[in-house]
Amino acid sequence: MSLTETCLGLAIAASVMVIATPSLLRAREEYVLRSAAHDVATKVYAAKFAAIPRIRDCRRRVTRPVPYVVECQGRVWGPGDTVALPRGITITANARPEFHRRGNVAPAATISVWDKAGHAVRVVVNLNGRVRIQ
């Protein structure tokens, strides 16, 4: 193999990498966003299943745009665990879904998980306690 062929092969490989890099970065950002939404949905399910055997209400509460808290009610609402989101991901909610001992929830809520680019994935909690990702 000559030096010219090697340089040509390296130039082709570099141009392919330059073309592919933006789409790979977008795919990574979307993966991080969907992964964070799945983590939120998992914690919401955990609040639901914590409420049933303990015979007490549990809820998920957004405290600030980055962390959120899963709480269960004793004499007062006490924090179960505080969950931090990955860098660049924020969270908003239109309500505080509270799971009751039968697994139902009041009020229904939509929890939105946002990335830096403004893309959102929504975690919807309906009145019968079903949690789904849109």
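Predicted model: local features only at pLDDT ≥ 70, side-chain atom pairs only at ≥ 80, totals over all residues.
I found an open sheet of 4 strands, ordered 4-7-8-9, with antiparallel pairing. Strand 4 (90-93) and strand 9 (131-133) are the edges, and each pairs on one side only. From one strand to the next, the twist averages 20°. I then went to one pair inside this order. Strand 7 (residues 109-114) runs antiparallel to strand 8 (residues 120-125), and 6 bridges join them. Across this pair, I see W114 opposite A120 of strand 8.

**Entry 2, the salt bridges.** I asked how many salt bridges there are. The count is 2. In one, E71 and R59 meet through their side chains at 2.6 Å, N to O. E71 sits in strand 2 (residues 68-73) and R59 in strand 1 (residues 58-62), 12 residues apart. R59 also forms a salt bridge with E98, with 3.4 Å between the closest N and O atoms. E98 belongs to strand 5 (residues 98-99) and R59 to strand 1, so this pair ties together parts 39 residues apart in sequence. I note R59, E71 and E98 as a linked network of salt bridges.

Are R59 and E71 buried or exposed? I checked both. R59 has a relative accessibility of 8%, so it counts as buried. E71 is buried as well, because its relative accessible area is 4%, and the cut-off for buried is under 20%.

I looked for a nonpolar patch. L8, I12 and V16 make one of about 290 Å². L8 lies in helix 1 (residues 3-54). L8 has a relative accessible area of 54%, so I list L8 as exposed.

Terms used
Residues numbered from 1 in each chain as written. Heavy atoms only, no water. Pairing = 2+ DSSP bridges. Helix = DSSP H or I, 4+ residues; strand = E, 2+ residues; numbered from the N terminus. Axes fitted to C-alpha atoms, helices over the stretch in contact; angles between N-to-C directions. Patch = residues over 30% accessible without salt bridge, like charges linked within 9 Å, V, L, I, M, F, W, Y side chains within 5 Å. Areas by Shrake-Rupley, 256 points an atom, 1.4 Å probe, with all protein chains shown as cover. Salt bridge = Lys/Arg side-chain N within 4 Å of Asp/Glu carboxyl O. Buried < 20%, exposed > 50% of the residue type's maximum accessible area, 1.4 Å probe, protein only.
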